[in-house]
Amino acid sequence: MSHSQGIDSQEQGTEQDRQHMRQALELASRGSGHTSPNPVVGSVVVRRDTVVGRGYHQKAGGPHAEINALRDAGREAVGSTLYVTLEPCNHFGRTPPCTHAILDAGISRVVMGMMDPNPKVEGGGASFLEKNGVSITRRVLEKECRQQNQAFIKHSISGLPHVTLKAAATLDGRIATRTGDSRWITNEESRSFVHELRAELDAILVGIGTVLADDPQLTARLPSEFPIRQPVRVVVDSRLQIPVQSRLIETARDVPLWIACGEDAPLDREEPLLERGAQVLRLPLTDNHVHLKSLLKELGKLPLTSVLVEGGAQILGAFIEEGLADAFHFFFAPKILGDPKGIPMIRGKLREKMAEAIPTHGMRVRCFGEDVMLSGRFQENLY
């Protein structure tokens, strides 16, 4: 899988181009959580250094960012420059090609942030426009544009969803006491941010241990003024142990619930789950555990482009050890449990030397009150 191959480290375009592309990036972010499996995309139309049109992709199946920006610009689009965070499409999908609309609007120059990551169509939109007399500037703020669409890029090139791990721990790395009690480690601000994360991603995944210990809902709960698209909930449960009276099962008709089990899981446990609206996905087992890459392939076909793995320790460790995790948000609260039998944040394989530790990259720090969130990725480069 190629990771950011072809990204030019040299700054592309002028400072003015970068300034307008930053506006397009801000617009694109407004579609977060509503466009999947499409990317988030923003666009501005600029005439004589003045922005005359703005638009972003608001939801899958709706008009693309360029179309919204061109409509906003109206006749002012003639002879103007269009900035867009992703190469305009040149094919018929759920909507007509944006390249044709750009030509029809009389745009004279197009500035693109990143090229289409799909190898079957990459460069097609830019080439079509150039052949029809439109001046093209490529890869302006490309790194920022790719950062914004990591899930879309990974899914486009691999068919797999982008996997983000999330955990909340004490300063000594414990996610629960020896009895399994974990409420609450972090503060309300941190928990509110997690609900925002849930609303932005396509699916939330936990292991059966978390379900049995916490009886979670795994929904995005935000103030009512925010439109929310609830994520698909996924439980890894090799033997179908999930209780039919759990909150996940009780809400399965309202919010999608997928239970991933082994191919030989008891059939008599499946029927009550199906009757209550859950979906059961039978997959191969490896060492009595659901084969996680097979699960990701199935989720990618739905198509889900992003998954938030919320635990517990064994599931988090499995995703890391199998090289299936892309990014992480690890929260640390100003508390020390001190109990050696408290549950660790991650259970991986035994390692005898620090040189065997798994490296992370792109570290960022953010505080929520006195809680600290460390974010980063497991591969050195962006997709």
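## Strand E15 and the cysteines

Ala169 stands opposite Phe332, a residue of strand E15. In this predicted model, that pair belongs to a parallel arrangement, in which strand E6 (residues 162-169) is joined to E15 by six bridges.

How many of the six residues of strand E15 are buried? Six of the six residues in this strand, which spans residues 327-332, are buried, so E15 is largely enclosed by the rest of the structure.

The cysteines form a separate topic. The structure holds zero disulfides, and for Cys145 the reason can be given as a distance: the closest cysteine sulfur, in Cys98, is 16 Å from the sulfur of Cys145, which is too far for a bond, because a disulfide requires the two sulfur atoms to be within 2.5 Å.

| Residue | Relative accessible area | State |
|---|---|---|
| Cys145 | 1% | buried |
| Cys367 | 51% | exposed |

Cys145 is therefore classed as buried, since its relative accessible area of 1% is under 20%, whereas Cys367, with a relative accessible area of 51%, is classed as exposed because that value is over 50%.

Methods:
Residues are numbered from 1 along each chain as its sequence is written. This is a predicted model: local features need pLDDT of at least 70, side-chain atom pairs count only at pLDDT 80 or more; totals for chains, interfaces and linings use all residues. Side-chain values use heavy atoms; hydrogens and water are left out. Buried means under 20% relative accessible area, exposed over 50%, partly exposed in between (1.4 Å probe, protein chains only). Helices (H or I, at least four residues) and strands (E, at least two) are DSSP runs, numbered from the N terminus. Two strands pair if DSSP finds at least two bridges between them.
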